[in-house]
Amino acid sequence: MEVALLMAGQGSEGFGGLLLVGGLVLALIYWKIVLSLLLVVGIGAGLITLAQALRVARLRSIAKAAQRRFAGDVCRIDERFALVEAIDSEANARQARLLLHSATIEPRNGQLALVRDVHRLTPPVDLRGIASNLGFADFLQGQGITMVNDLAVEAKATQAAITCLREAEWASQSLQTMAEMIASTRDTLAKARGNELLEPAIPQLEEALGTFTQEEDKLTSHLQDSLRMLGKLHDFLGVPQKLRPILNFDLDGLFDPARRSDLEASFQEVVSLNQAFGELSRDRLI
């Protein structure tokens with residue numbers, strides 16, 4: 001049995017060798033035809049690669065134009081309103097795609113948070129159809145992403161909601177800094193009492209502590225106002241589209257853009273004051 005299997009294996013190897021030799025002989029005889037076929041295949045592969053490269057470059061150009069036009073605008077994805085943060089292209093071995101980066105406000109762990117997402121969109125075969133702003137908007141709509149007119153109340157409400165969320169995040173971070181400053185000042189005050197080197201600065205430290213506390217109150221108020229307005233805007237945007245037009249919703253006067261600028265200026269002042277007392281503490285406390 002083993003001898004039969006060995007002979008069968010040797011026969012297969014011999015047959016394969018004959019086929020290889022026969023192929024080489026045919027290739028030598030018809031080398032011109034073989035060379036021509038290889039040349040045609042090579043040219044075809046090169047043309048395909050070139051066409052893919054040109055398509056990727058064209059798609060990248062279209063994405064840059066769309067980025068300039070639509071980035072920062074509001075869109076509707078299903079029943080959610082979102083901000084278009086960026087548009088770019090993605091090239092891989094199989095197919096080039098468009099990437100739309102969006103940000104929407106959604107509940108997370110009992111709080112409203114900014115949730116970011118990336119939508120990978122397959123462009124049409126004919127890229128000329130999405131080369132214009134109108135064509136690109138129509139393409140997005142076909143993908144379930146509808147751009148919202150900048151003058152629409154939904155667009156203004158979405159922008160305002162995101163602004164409120166960022167205001168709340170800034171106020172929360174500033175409150176953490178302020179809490180550290182208040183704790184540091186109180187610690188310095190405790191060390192200053194009975195320390196003849198720092199006792200003369202106690203009135204200034206107490207005044208600074210009062211200033212820090214007032215700033216903390218302003219930041220807390222700003223945080224609460226921002227969160228309250230964020231909740232109202234989120235509720236408004238959550239109303240079904242058919243009912244939204246009958247609502248009397250006026251954004252004017254609900255949010256003062258200059259308020260944060262005033263708070264930032266005041267916050268920087270107290271931070272500078274805290275740095276001055278920090279230097280005093282390091283220089284004079286043992």
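This is a predicted model: local features need pLDDT of at least 70, side-chain atom pairs count only at pLDDT 80 or more; totals for chains, interfaces and linings use all residues.
## A tour from sheet to core

Five strands form an open sheet in the order β4-β3-β2-β1-β5, and their pairing is antiparallel. Now pick out the edges: β4 (111-121) and β5 (145-147), each of which pairs on one side only. Look along the sheet. From one strand to the next, the twist averages 40°.

Next, select β1 (residues 74-77) together with β5. They pair in the antiparallel sense over 3 bridges. Zoom in on Cys75; its bridge partner in β5 is Met147.

Which helix lies across β1, β2, β3 and β4? Select residues 153-192: this is α4. Helix α4 runs at about 85° to β2 (80-90).

Move to helix α3, residues 133-142. Colour Gly135, Phe136, Ala137, Phe139 and Leu140, which are buried there. Just after α3, stop at Gly144, where phi is positive, about 85°.

Now for the cores. In soluble globular proteins, nonpolar side chains tend to be buried together. The largest nonpolar core here has 22 residues. Select Ile87, Leu98, Ile130, Phe136 and Leu140, the residues with the most contacts inside this core. At least two residues each come from α2 (31-70), β1, β2, β3, α3 and β5. Helix α2 gives the most, with 5 residues.

What does Leu98 touch, leaving out residues up to four places away in sequence? Its contacts include Leu59, Ala63, His119, Pro123, Ile130, Phe136 and Phe139.

Last stop: select Trp170, Leu223, Leu263 and Val270. They belong to a second, separate core of 21 residues.

Terms used: Residues are numbered from 1 along each chain as its sequence is written. Side-chain values use heavy atoms; hydrogens and water are left out. Two strands pair if DSSP finds at least two bridges between them. Helices (H or I, at least four residues) and strands (E, at least two) are DSSP runs, numbered from the N terminus. Axes are lines fitted to C-alpha atoms, for helices over the stretch in contact, and angles run from 0 to 180 degrees between N-to-C directions. Contact means heavy atoms within 4.5 Å. Buried means under 20% relative accessible area, exposed over 50%, partly exposed in between (1.4 Å probe, protein chains only). A nonpolar core is a set of buried Ala, Val, Leu, Ile, Met, Phe, Trp, Tyr and Cys residues joined through side-chain atoms within 4.5 Å.
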